Every structure is written in C-alpha cells, then in structure tokens.
Amino acid sequence: MSASALEAWFVAEVLPLEAILMQYLRNHWRDPSEIDDLRQEVYIRVCEAAQREVPDPAKPFVLGTARNLIIDRIRRQQIVAIEKVADLDALGIAADYPGPDRSVIARDELRRLQQAIDRLPPRCREAVVLCKVEGLTGKQIAQRMGVSEATVSEHIDKGMCALADMLYSEPPEIRRTP
Amino acid sequence: MSSPETTSADINAEAAAWLRRRHLETWTAENESALQTWLDQAMAHRIAYWRLKAAWERADRLAALRREKTATPNSSAALRIAKFAAAALVLAVAGAGAYRSLTPRSPSAALYATAVGEHKTIRLTDGSQIELNTDTKIRFASAPGRQTVTLLKGEAYFQIKHTPSRLFVIEANGHRITDIGTTFRVRREDARLEVALLDGEIRFDSADTRVKPVTMKPGDIIIATAHSAAVMQTPERDLKDQLGWRSGMIVFKHTTLREAAAEFNRYNTHKILIADAAAAKLTINGTFQTGDVAAFTDAAHAVFALRITTRNGQTVISH
C-alpha cells in the first residue's frame with residue numbers, strides 16, 4: 001500500500017473513529033496525560049498493520065488494537081490488579097460503541113467547523129481566519145495583527161493542533177434526539 | 001516506531017510546523033524533500049501530519065462558505081476572466097518518458113500536443129522549456145536566429161533562456177509575443193488570448209496594427225481579442241495560483257461553481273454539469289487536484305448541501 005493510499009484510508013476510515021477511541025482510552029486508562037501518547041501508539045499499530053493488509057471494517061480493529069495496547073501496558077507495569085485485566089478482557093463489546101452516522105456528517109460539518117473556530121483562543125483564531133479565509137501569507141498576517149512572524153507561527157501551529165483535537169477527538173455535540 | 005522519549009505532543013508540534021510552513025511560506029523542492037525525509041523517518045510522523053492536514057483542509061470548507069457571505073464585490077469582468085483562466089489541471093509529468101528533447105534542426109518544425117488531462121514538458125537544448133497544459137497544441141519551428149512557437153490551442157507556460165543572437169517568438173491568433181528573457185504563460189481560447197508575465201520582459205504586438213505594442217512587466221496580464229488588448233496588474237500570488245496546473249492543482253478563489261466546473265471539465269473527460277442556475281452562482285475557494293472530481297463534488301455537497309448524482313456518464317450537481 002502506498003503512503004498516499006494509506007493516508008487516504010487513514011483519513012477516511014480511522015480518523016472519524018477518533019472520538020470513540022478517545023472515549024475508550026479515557027475510560028480504561030487512569031492517567032489523562034498519557035492518553036494522547038496511547039492514541040498515537042494505537043494509530044501506529046493500526047497503520048503498520050494496514051500497510052500489510054487493510055482491516056475492513058476498521059472500527060473493531062482500531063478498538064481491538066486499543067484494548068490490546070492497554071493490556072500490554074498494564075502487564076508491563078506489573079502493579080495492576082488481576083481483576084482490572086479481567087475487566088478489560090470483558091470489553092470485547094467495545095466494538096459496539098456508537099459510530100458516527102455518516103449521513104448527518106455533511107449537514108453538521110459546517111456547524112462543527114464554525115464551533116471549532118469560535119472556540120480557538122482569540123489571537124489564535126484571528127491568525128487562523130486570516131490565513132484560511134483571507135488567504136494571507138505569514139508575513140501579511142504578522143503585519144495585520146501587529147506581531148512578529150514567529151508569533152503568527154505559534155498561533156497557527158496551536159490552531160492546527162486545536163482544530164484537529166476538536167474535529168476528531170471530541171464527540172459531536174449536536175444530538176438531535178431528546 | 002517513534003523513539004520512546006519522543007512524546008506525541010512533540011511530534012504534533014513538529015508536524016504543525018511543517019504543515020504551516022508548507023501553507024504559509026515559499027515552498028521549494030528542497031523543502032518538499034526535507035518534509036518527505038521527515039515523514040519517512042517514522043510512522044508516528046506521518047500519522048501526526050496526516051491528522052493535522054486532514055483537519056486543516058476540512059477548515060477550508062468553512063472558508064469557502066464565509067467567502068460566500070462576505071465576498072467583496074471586486075470581481076470586475078476582466079478580473080473574473082483572469083481568475084477563471086487561472087485554473088488548470090494536470091497529472092504531474094510522470095518520469096522522463098513524458099519529456100521530449102528537441103534538437104533544433106534548422107529550418108524544421110514539429111507539432112506537440114496534449115490530450116485532455118495531460119501535461120507535457122518540452123525541453124529545448126538551450127535550457128529553455130515549454131510546459132503544455134491540458135488539451136493544448138503548439139507548433140515549434142527553429143531557424144538560425146529565430147525560434148517560433150505557434151499556440152494553436154490551449155495553454156502553455158514558457159521559461160525562456162534569453163540568447164541575444166536568437167529571437168524567441170510566440171504567435172497566436174495573429175498576435176505576437178517576443179521574449180526578452182523571461183517566464184510567462186499564454187492561453188488561447190477561441191478568439192481570446194491571455195498572456196501573463198511572471199518574470200523578465202516581453203513585448204506584445206497585436207494582430208491589429210492599430211493597437212499599440214505593449215512592453216509587459218512582471219505581474220502584467222494582457223487579455224487580447226482580434227482588435228483590442230487590455231493590460232492589468234495581478235498580484236504575484238494570483239499568478240502562481242493560475243499556474244497550479246504545473247503541479248496538477250486547480251486553485252479557486254471566489255470562483256463560481258459554474259466556472260469551477262468548466263475548469264474541471266478542461267482536464268477531465270468525465271464532465272460535471274451544474275443543473276440549476278442558483279447553484280451555479282455559489283462561489284468557492286479551494287485547491288483541488290485537477291483529476292479529482294470527487295473531491296470537488298464532495299465539497300459542494302458538504303458546504304452547500306447540494307445533491308450529487310450521476311446521469312449519462314456526467315456528474316450532475318443540483319439543489
């Protein structure tokens with residue numbers, strides 16, 4: 001599988017599962033500061049496996065990988081109560097977490113993006129909007145905002161990371177059912 | 001695998017810096033190869049980069065809609081023409097097989113053409129080169145002291161090494177462009193000819209001798225018809241966008257869906273049809289691969305909630 005095919009598969013099939021994956025990891029790992037690293041490790045394992053053979057469907061494979069990773073980590077720590085592991089083993093049902101409903105994604109997409117942009121810190125948001133909407137270069141944004149280019153770079157980098165977290169890690173807030 | 005002491009936060013920060021530099025700074029082939037090296041170092045690098053890039057590109061759709069709401073009415077007819085002309089597509093030239101080397105035998109002439117969706121580079125022995133965009137045809141003739149390219153149809157990008165002992169002349173529709181060492185783009189569409197100068201200097205002589213010759217400066221665009229020639233200045237960034245086809249991309253800026261569909265249709269045999277007038281007037285911003293019709297229709301669906309159907313081998317976009 002070529003790198004670009006792997007990227008396309010990852011973006012289309014794996015990233016949309018990130019909110020579920022994060023929920024799963026938070027539910028089964030005590031230290032919140034380690035969640036992002038765990039997610040990264042899950043993605044590495046998933047993509048390395050996909051290079052050999054694409055798992056289809058992706059969801060049970062991604063969540064199964066998360067489960068195995070957590071079991072590995074717990075075993076390595078060697079301080080974990082047996083019942084914790086047993087508990088995790090019972091979590092095969094994790095594959096039944098609700099997935100994103102693709103038919104509503106397009107409709108909610110714009111609202112989601114709007115909310116994500118609105119929630120960026122003000123200066124960060126300003127830089128991102130000037131870049132995305134006005135199509136300005138780094139230098140032009142710096143002039144417009146009256147700050148150095150290095151500061152603009154910080155804002156943009158932060159905005160990129162924050163947007164990815166909001167768009168992928170968080171479950172969609174809009175729930176139409178009462 | 002990433003080294004254990006590298007946290008996902010560090011990798012994320014590096015990926016963001018790459019992505020930002022790629023979007024906001026001048027991006028050279030060296031930058032691109034440095035990025036590739038970094039991506040190839042670890043799966044973790046690739047994943048972090050893909051993830052940020054996917055989110056960042058999703059945000060483009062929001063920009064498209066905001067543009068629609070806040071579009072500045074600066075689209076004079078002429079500017080719109082220039083913008084429209086800007087888009088182009090192409091499969092990047094794949095491998096040496098796509099290149100042809102010309103030996104200027106004199107006097108001799110050769111025809112070079114591209115099919116719809118094709119992109120071809122012609123290298124001259126003096127280091128000059130000519131890139132043909134989709135559905136383009138030129139005739140190249142070389143004689144001592146003079147090389148002549150006739151643009152029979154389509155669009156081409158010229159990078160000409162100036163040789164004092166030899167003139168380089170482009171002819172189209174009876175108009176004549178004489179190079180004075182330069183980089184420029186010429187597009188012919190029926191009776192209309194468009195010339196954009198990026199670098200150096202060229203002289204434009206209209207087919208109609210009553211139209212005064214124009215010496216063009218970088219950033220100038222000339223739109224010429226049989227009996228007229230209008231010159232306008234365009235920001236460098238827009239000129240670069242207009243050459244997106246050289247790397248297989250189409251760039252839209254406040255482009256209506258009708259114009260965008262027409263641009264895609266230049267590059268693809270599978271055509272897009274905008275089936276209603278209201279939808280045709282919506283405007284979008286964005287960068288697409290010239291052959292990726294699906295990305296365009298997905299965006300139309302996601303941003304404007306338009307319906308995408310396939311009918312008689314055409315993709316039909318409607319409300």
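**Close-up views of a predicted two-chain model**

Of the 178 residues of chain A, 46% count as buried, where buried means under 20% relative accessible area, exposed over 50% and partly exposed in between, with a 1.4 Å probe and protein chains only. This is a predicted model, in which local features need pLDDT of at least 70 and side-chain atom pairs count only at pLDDT 80 or more, while totals for chains, interfaces and linings use all residues. Residues are numbered from 1 along each chain as its sequence is written, chains are lettered from A and ligands numbered from 1 in the order in which they are written, and side-chain values use heavy atoms, with hydrogens and water left out.

**View 1. Chain A is a chain of helices.**
Let us start with the overall build: chain A has nine helices and zero strands. Helices here are DSSP runs of H or I with at least four residues, strands are runs of E with at least two, and both are numbered from the N terminus. Among contacts between residues at least 6 apart in sequence, 67% join residues at least 24 apart in chain A; a contact means heavy atoms within 4.5 Å.

**View 2. Helix α2 of chain A is mostly covered.**
Zoom in on residues 18-28 of chain A, which form helix α2; eight of its 11 residues are buried. The buried ones are E18(A), A19(A), I20(A), L21(A), M22(A), Y24(A), L25(A) and H28(A).

The peptide bond from D56(A) to P57(A) is cis, with omega near 5°. P57(A) itself sits in the loop between α3 and α4 (58-77) of chain A.

**View 3. Chains A and B meet.**
Here 37 residues of chain B are in contact with 47 residues of chain A. Between them the two chains bury about 4000 Å², with 62% of it on carbon and sulfur atoms; buried area is the accessible area (1.4 Å probe) that two parts lose on being put together, summed over both. On the chain B side, R51(B), W56(B) and R58(B) lose the most area to chain A, together 21% of what that side buries.

**View 4. The largest cavity is lined by residues of both chains.**
Rolling a probe the size of a water molecule over the atoms shows where empty space is left. A search of the whole structure finds four cavities of 30 Å³ or more, and about 80 Å³ of space lies in the largest. On a 1 Å grid over the protein atoms alone, a cavity is a set of points where a 1.4 Å probe fits but cannot get out, and lining residues have an atom within 4 Å of a point. Grid points are joined across faces, edges and corners, and a volume is the space filled by probe spheres set on the points.

Look for R39(A), Q40(A) and Y43(A) in the lining, along with S8(B), I11(B), N12(B), A44(B), I47(B), A48(B) and R51(B). The elements giving two or more residues to this lining are α3 (35-52) of chain A together with α1 (8-24) and α3 (43-70) of chain B. The largest share, four residues, comes from α3(B). By type, the lining divides into five nonpolar, three polar and two charged residues, where Ala, Val, Leu, Ile, Met, Phe, Trp, Tyr, Cys and Pro count as nonpolar, Asp, Glu, Lys and Arg as charged, and the others, Gly among them, as polar.

**View 5. N12(B) touches residues of both chains.**
N12(B) lies in helix α1 of chain B and counts as buried because its relative accessibility is 13%. Not counting residues up to four places away in sequence, N12(B) touches C161(A), A48(B), R51(B) and L52(B).

**View 6. L152(B) belongs to strand β6.**
L152(B) is found in β6 (residues 146-160) of chain B and, at 29% relative accessibility, counts as partly exposed. Leaving aside neighbours within four places in sequence, L152(B) is in contact with L111(B), K137(B), I138(B), R139(B) and R188(B). One of these, R139(B), is 13 residues from L152(B) in sequence and 7.3 Å away in space, C-alpha to C-alpha.

**View 7. Two loop residues of chain B have a positive phi.**
D135(B), in the loop between β4 (129-132) and β5 (137-143), has a positive phi of about 50° although it is not a glycine. With a relative accessible area of 32%, D135(B) is partly exposed. N312(B), in the loop between β16 (307-311) and β17 (314-318), has a positive phi of about 45° and is not a glycine either. N312(B) is exposed, with a relative accessible area of 77%.

How values were computed
On a 1 Å grid over the protein atoms alone, a cavity is a set of points where a 1.4 Å probe fits but cannot get out, and a pocket is an open set with protein on both sides within 12 Å along at least five of seven lines; lining residues have an atom within 4 Å of a point.
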